[in-house]
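Please examine the sequence and the structure below. The paragraphs that follow lead through selected parts of the model.

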Amino acid sequence: MYKEDFRNMTEENMANNGSSSSFTHTNSMSAILITVYSVAFAGVPFRLHYYVNKEWVFQMPFCKMVSAMVHLHMYLTFLFYVITLVIRWLIFFQWKDKVEFYRKLHAIAASIAVWIFVIVFVVPLFCIEYGRSGTYDNKTCFKFHKELQQDSVKILNYLVIVAIACITCILLSLQIFILIKVSRKFSTSLWSHQEFWAQVKNLIFICVIIICFLPYHLFRAYYIRHVNDYEQLESYNEVFLSLTALSCLDLLSFVLSGSRLFKQNVAVLRSRLPCC
């Protein structure tokens with residue numbers, strides 16, 4: 001029943017927007033994509049330009065590069081989050097008294113080195129190999145679903161989905177365990193203790209992964225299986241992908257969680273709560 005309702009809704013949306021246009025996103029989907037990418041404008045101006053004008057004007061090779069950069073940003077951000085959490089947890093459990101890599105200069109140098117490697121080697125390889133399974137219109141971009149017809153591409157996508165989901169569950173479980181341990185250790189002065197807020201910042205990393213990255217991968221498992229069933233699924237996939245761009249706002253959450261005003265408000269709220 002649900003499958004039939006979804007099919008009817010998809011066909012209705014396609015009828016409203018016209019099947020002759022190469023830009024297949026509905027008005028509502030376009031509005032969502034424009035809004036999300038407007039928030040993250042600095043990192044994705046070309047996608048924003050495409051969804052506003054409904055036509056790609058930068059040729060296909062550049063489309064592949066822009067598409068690659070969005071995915072690379074997502075996976076590199078995920079990788080840096082995991083590395084940062086692991087280093088912080090090593091320090092927390094005192095498995096290593098001093099982690100030299102944790103110095104700011106080392107972290108910046110490592111980040112620059114990774115990006116240089118990706119831009120010089122990974123992006124060109126991606127642009128050459130990606131989009132070779134079909135013929136694509138130069139005026140339409142980010143429509144590479146034909147690649148999913150290859151079994152090797154499907155397997156790779158499923159492996160990435162499983163890896164992201166499993167790693168996220170492990171990270172969340174470990175962080176909850178650490179928060180419980182910190183809560184028991186500093187139960188009398190938890191809200192004013194620096195260690196507690198350090199763990200809250202760690203939790204923000206995981207929340208960004210859950211909110212921005214995990215929905216895209218969970219939906220993609222369904223999308224890969226039914227990519228040829230409903231054309232409108234491609235629009236939904238793009239919406240979930242656009243949410244990954246919001247990870248660039250993680251710095252704002254760190255500033256808010258670390259601000260003195262935020263901590264004071266939490267302390268006031270805590271004092272007003274009834275004792276259990």
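Phe58 counts as partly exposed because its relative accessibility is 30%, where buried means under 20% relative accessible area, exposed means over 50%, and partly exposed lies in between (1.4 Å probe, protein chains only). A pair of aromatic rings is described by the distance of the centres and the angle of the planes. The rings of Trp56 and Phe58 have centres 5.1 Å apart and planes at 70 degrees, so this pair is edge-to-face. Rings of Phe, Tyr and Trp (its six-membered ring) pair if their centres lie within 6.5 Å; planes under 30 degrees apart count as stacked, over 60 as edge-to-face and the rest as tilted. One aromatic cluster is formed by Phe46, Tyr50, Tyr51, Trp56, Phe58 and Phe62, and a search of the whole structure finds 13 aromatic pairs.

The model is predicted: local features need pLDDT of at least 70, side-chain atom pairs count only at pLDDT 80 or more, and totals for chains, interfaces and linings use all residues. Residues are numbered from 1 along each chain as its sequence is written, and side-chain values use heavy atoms, with hydrogens and water left out.

Most residues other than glycine have a negative phi. Lys54, however, has a positive phi near 60 degrees, and Gln59 has a positive phi near 70 degrees. Lys54 lies in the loop between α3 (45-53) and α4, and Gln59 lies in the loop between α3 and α4. Lys54 counts as partly exposed because its relative accessibility is 38%; Gln59 is partly exposed, with a relative accessible area of 46%.

The protein chain as a whole has ten helices and zero strands. Helices (H or I, at least four residues) and strands (E, at least two) are DSSP runs, numbered from the N terminus. Buried residues make up 36% of the 276 residues in the protein chain. Among its contacts between residues at least 6 apart in sequence, 72% join residues at least 24 apart, where contact means heavy atoms within 4.5 Å.

Helix α4 (residues 60-92) includes Thr77, which counts as buried because its relative accessibility is 13%. Leaving aside neighbours within four places in sequence, Thr77 is in contact with Phe213 and Ser247. Trp115 is found in helix α5 and counts as partly exposed because its relative accessibility is 24%. Not counting residues up to four places away in sequence, Trp115 touches Met69, His73, Leu76 and Phe80. Trp115 and Leu72 are 43 residues apart in sequence, and their C-alpha atoms are 9.5 Å apart in space.

Phe121 also lies in helix α5 (residues 104-129), and it counts as exposed because its relative accessibility is 52%.

The unreviewed UniProt entry lists several spans as "transmembrane region", including residues 72-93 and 200-219. In the model, residues 72-93 are 95% helix and 0% strand, with end C-alpha atoms 31 Å apart. Residues 200-219 are 100% helix and 0% strand, and their end C-alpha atoms lie 28 Å apart.

Technical notes. UniProt positions renumbered as here; feature names shortened; annotations may be inferred.
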